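Please look over the points below with the model open beside them.

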Amino acid sequence: MTRRAELDLRQYGHADAAAIRPLLLDVHDEVYEGSGDPLAGREVFAEFVDHWSGREGFACVVGYDQGVPVGYAYGAPLGPDTAWWAEVNPPLPAEFTAESGARTFALSELMVRTPWRKTGAARSLHDALIGSRPEHRVTLLVQRAHSKVRALYEGWGYRTVGDVVPFEGAPDLCAMVLDR
């Protein structure tokens, strides 16, 4: 299987969004095939891709193994008008939730195709994405029911700051933060 050092990690930004959109959707479709998750359909996920990639600060890393896409990670900084923290329970103090556009990077997606899971690919994608980010912290949402995924992020230094259901139909999520 692929070792971390063998991945070709390519960086993309807002200007590349249209070019990489089909790849992001195709990898997502493969990863979530048969999951039964109502939010995992291609059309629904395409809205998330368009939302995040439409932001000026959008950043994405795609990993390749001998030209084959392994997975990706993407996100963008939270702006001053973000609703990211609005539904977190327990409510967080204003000094924690105040965003400037330069304080917090939101890691929206991190996914790895099955043949490359448990190879270090996820950590490589994560580290390549946030490694050069100027923000002071990183946040992400993970399904409360996915205790192994939460434990993985905790092993990378993230901590849970609360629970959240950010919109109707979303699963119960944990809001996690990595201070940098």
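**Notes on the model**

1. Asp29 counts as partly exposed, at 27% relative accessibility (buried is under 20% relative accessible area, exposed is over 50% and partly exposed is in between, with a 1.4 Å probe and protein chains only). The model is a predicted one, in which local features need pLDDT of at least 70 and side-chain atom pairs count only at pLDDT 80 or more, while totals for chains, interfaces and linings use all residues. Residues are numbered from 1 along each chain as its sequence is written, and side-chain values use heavy atoms, with hydrogens and water left out.

2. Which side chain meets that of Asp29 in a salt bridge at 2.3 Å, N to O? The partner is Arg42 (a salt bridge puts a side-chain nitrogen of Lys or Arg within 4 Å of a carboxyl oxygen of Asp or Glu). Asp29 lies in helix H1 and Arg42 in helix H2, so the pair ties together parts that are 13 residues apart in sequence. Arg42 is also partly exposed, at 37% relative accessibility. Asp26 is linked with Asp29 and Arg42 in a network of salt bridges.

3. The whole structure has 10 salt bridges. In one of them, the closest N and O atoms of Asp127 and Arg123 are 3.0 Å apart. These two residues are 4 apart in helix H4, which separates them by about one helical turn. Asp127 is partly exposed at 23%, and Arg123 is partly exposed at 28%. Another salt bridge joins the side chains of Arg10 and Asp8 at 2.8 Å, N to O. Arg10 is partly exposed, with a relative accessible area of 35%, and Asp8 is partly exposed at 34%.

4. The protein has 5 helices and 7 strands (DSSP runs numbered from the N terminus: H or I of at least four residues for helices, E of at least two for strands). Along the sequence they run β-α-α-β-β-α-β-α-β-α-β-β. The radius of gyration is 16 Å, close to the 16 Å that the globule rule gives for 180 residues, so the protein is as compact as a globular protein of that length (C-alpha atoms are used, and the rule is 2.2 Å times the number of residues to the power 0.38). Along the principal axes, the C-alpha atoms fill a box of roughly 45 × 35 × 30 Å.

5. Of the 180 residues, 46% count as buried. The largest nonpolar core has 30 residues, of which Trp52, Cys60, Tyr72, Tyr74 and Trp85 touch the most other members (a core is a set of buried Ala, Val, Leu, Ile, Met, Phe, Trp, Tyr and Cys residues joined through side-chain atoms within 4.5 Å). H1 supplies the largest share of this core, 5 residues. A second, separate core has 24 residues, including Leu7, Leu129, Ile130 and Tyr158.

6. The largest pocket holds about 1,600 Å³ of space (an open set of points on a 1 Å grid over the protein atoms alone, where a 1.4 Å probe fits and protein lies on both sides within 12 Å along at least five of seven lines; lining residues have an atom within 4 Å of a point). Its lining has 45 residues, with Tyr32, Ser108, Glu109, Leu110 and Leu141 nearest the centre. Elements giving two or more residues to this lining include helix H1 (17–32), helix H2 (42–53) and strand S5 (137–143). S4 gives the largest share, 6 residues. The lining divides into 29 nonpolar, 8 polar and 8 charged residues.

7. Some backbone points deserve a check. Most residues other than glycine have a negative phi, and most peptide bonds are trans. The peptide bond from Asn89 to Pro90 is cis, with omega near 0 degrees, and Pro90 sits in the loop between S3 and helix H3 (94–97). Gln66 has a positive phi, near 50 degrees. Gln66 lies in the loop between S2 and S3 and is exposed, at 79%. Lys118 has a positive phi of about 65 degrees. Lys118 lies in the loop between S4 and H4 and is exposed, at 89%.

8. Pro22 is found in helix H1. Pro22 is partly exposed, with a relative accessible area of 42%. From Pro22 to Ala46 the distance is 9.3 Å, C-alpha to C-alpha, with the two residues 24 apart in sequence.

Terms used:
Points joined across faces, edges and corners; volume = space filled by probe spheres on them. Nonpolar A, V, L, I, M, F, W, Y, C, P; charged D, E, K, R; others polar.
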